[in-house]
Amino acid sequence: MKKLLMVLALASVTVAGMAQTSETPEMKYSVATNSFWSNWFITADLSYAAFYSNEEKGVDIPKGVFEDFRRNLGLSVSVGKWFTPHVGGRLAYQGLQLSDSDNEKRNYQNVHADFLYNISSHFRKDYDVLPKWNLIPYAGCGIIRNSYTRQKPFAFSYGVIARYRLTERL
């Protein structure tokens, strides 16, 4: 009887082992990832900013975005990485010179880290193809420095990046 139980136990282990090797796992919920050195990006841009302060309330100051005293250029530089086709992160620096209500220029620097989410990649099946159009909302936090008051308050950043590919490299 003992020998019969041993033979049955050995046969059941063999059958179970064969059943496991005959099936292939389904990869329907997998996410494509790459090595640490893949999918890095660098961006640099110039921006136009119009600054409105609380000091302007109740004062007769022109409110137009293109008024001479509101014309301010800014610089933005960032370095980031796409961890998956959907999720990325970046570190960014923005330097602005803004005019206040007394028409005096004030320097601002904003350093922030952002979480990026590529909505467009949800609608694509092939990750290898470079898309013509991407819609990427982002949110983050950092510090903004006012050179006039020497304060460094905590700041939130958020927005949407609409990216259109002109060529393979642009």
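## Strands and the predicted model

Strands are DSSP runs of E spanning at least two residues, numbered from the N terminus. The model described here is predicted.

Phe 123 counts as exposed because its relative accessible area is 70%, and the cut-off for exposed is over 50%.

## Aromatic pairs

A pair of aromatic rings is described by the distance of the centres and the angle of the planes. The structure contains 5 aromatic pairs. Among them is the edge-to-face pair of Phe 36 and Trp 37, with 4.8 Å centre to centre and 85° between the planes. Both Phe 36 and Trp 37 are exposed. Ring pairs also join Phe 36, Trp 37 and Trp 40 into a cluster.

Phe 41 and Trp 82 form a tilted aromatic pair, at 6.2 Å centre to centre and 35° between the planes. This pair links distant parts of the chain: Phe 41 belongs to strand E1 (residues 40-49) and Trp 82 to strand E2 (residues 72-82), 41 residues apart. Phe 41 and Trp 82 are both buried.

## Charge over a ring

Arg 90 places its charged end over the ring of Tyr 138, at 4.5 Å from the ring centre.

How values were computed: Residues are numbered from 1 along each chain as its sequence is written. This is a predicted model: local features need pLDDT of at least 70, side-chain atom pairs count only at pLDDT 80 or more; totals for chains, interfaces and linings use all residues. Side-chain values use heavy atoms; hydrogens and water are left out. Rings of Phe, Tyr and Trp (its six-membered ring) pair if their centres lie within 6.5 Å; planes under 30 degrees apart count as stacked, over 60 as edge-to-face and the rest as tilted. Buried means under 20% relative accessible area, exposed over 50%, partly exposed in between (1.4 Å probe, protein chains only). Helices (H or I, at least four residues) and strands (E, at least two) are DSSP runs, numbered from the N terminus. A charge sits over a ring if NZ of Lys or CZ of Arg is within 6 Å of the ring centre and within 35 degrees of the ring normal.
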